[in-house]
Amino acid sequence: MSPGGKGTKTGAVWEQVIRPVLDIHYSGRFQTHVTVGNQLFGSAYQADFVVQDDTGGIIVSAKWQQIRGTVEQKLLYDIASLISIIRNSDEYRKAYVVLGGTGFSEKARSFLLQNKHREIFADGHLVEVLSLEDFLARANKGEL
């Protein structure tokens, strides 16, 4: 799928699903499409959202997968990049990857939502993978 294609459009819809809860509970304290650092291979990493609270910045990456594909493997790269960005920044303290869509295999979805990357990556606790429901529940409580 080409950049700017259908995948980008469905990702943009996913961001619009997440945005209202941030508008309600973090009004005036979040930005969209923020370059937060570099991915592992050096390209700029643009976060879908950056939320500010009293303890620092929180990166939110919205990941929608509508059809089966290689995104499952790419997510571990994304998580590793986020860990590196947070480690090397004084601005950010945590990142959330919010999963959506029916294109993830059951095994991948289970691995990701159980945050098993923490068993593989040092400082894996810096990134948490959540379902939309769990992300909304935390945001509703102001506990991102």
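**Close-up 1. Surroundings of V36 in the predicted model.** V36 is in contact with Y45, A47, V50, I59, I85 and Y92, leaving aside residues up to four places away in sequence. V36 belongs to the largest nonpolar core, which has 22 residues. Together with I59, Y92 and V97, V36 is among the residues with the most contacts inside that core. At least two core residues come from each of β1, β2, α2, β4 and β5. Helix α2 gives the most, with seven residues.

**Close-up 2. A further nonpolar core.**

**Close-up 3. The open sheet of five strands.** The strand order is β1-β2-β3-β4-β5, and the pairing is mixed. Because β1 (30–38) and β5 (127–131) each have a single partner strand, one side of each is left without a neighbour in the sheet. Neighbouring strands are turned against each other by 40° on average, direction ignored.

**Close-up 4. Pairing of β4 with β5.** Strand β4, residues 92–100, runs parallel to β5, and five bridges join the two. One of the residues involved is V98, whose bridge partner in β5 is L130.

**Close-up 5. Helices against the sheet.** Helix α2 (residues 71–87) packs on the sheet and touches β1, β2 (44–53), β3 (56–64), β4 and β5. The direction of α2 makes about 165° with that of β4. Helix α4, residues 132–140, lies across β3, β4 and β5. Relative to β5, α4 runs at about 110°.

How values were computed: Residues numbered from 1 in each chain as written. Predicted model: local features only at pLDDT ≥ 70, side-chain atom pairs only at ≥ 80, totals over all residues. Heavy atoms only, no water. Pairing = 2+ DSSP bridges. Helix = DSSP H or I, 4+ residues; strand = E, 2+ residues; numbered from the N terminus. Axes fitted to C-alpha atoms, helices over the stretch in contact; angles between N-to-C directions. Contact = heavy atoms within 4.5 Å. Core = buried A, V, L, I, M, F, W, Y, C linked by side-chain atoms within 4.5 Å. Buried < 20%, exposed > 50% of the residue type's maximum accessible area, 1.4 Å probe, protein only.
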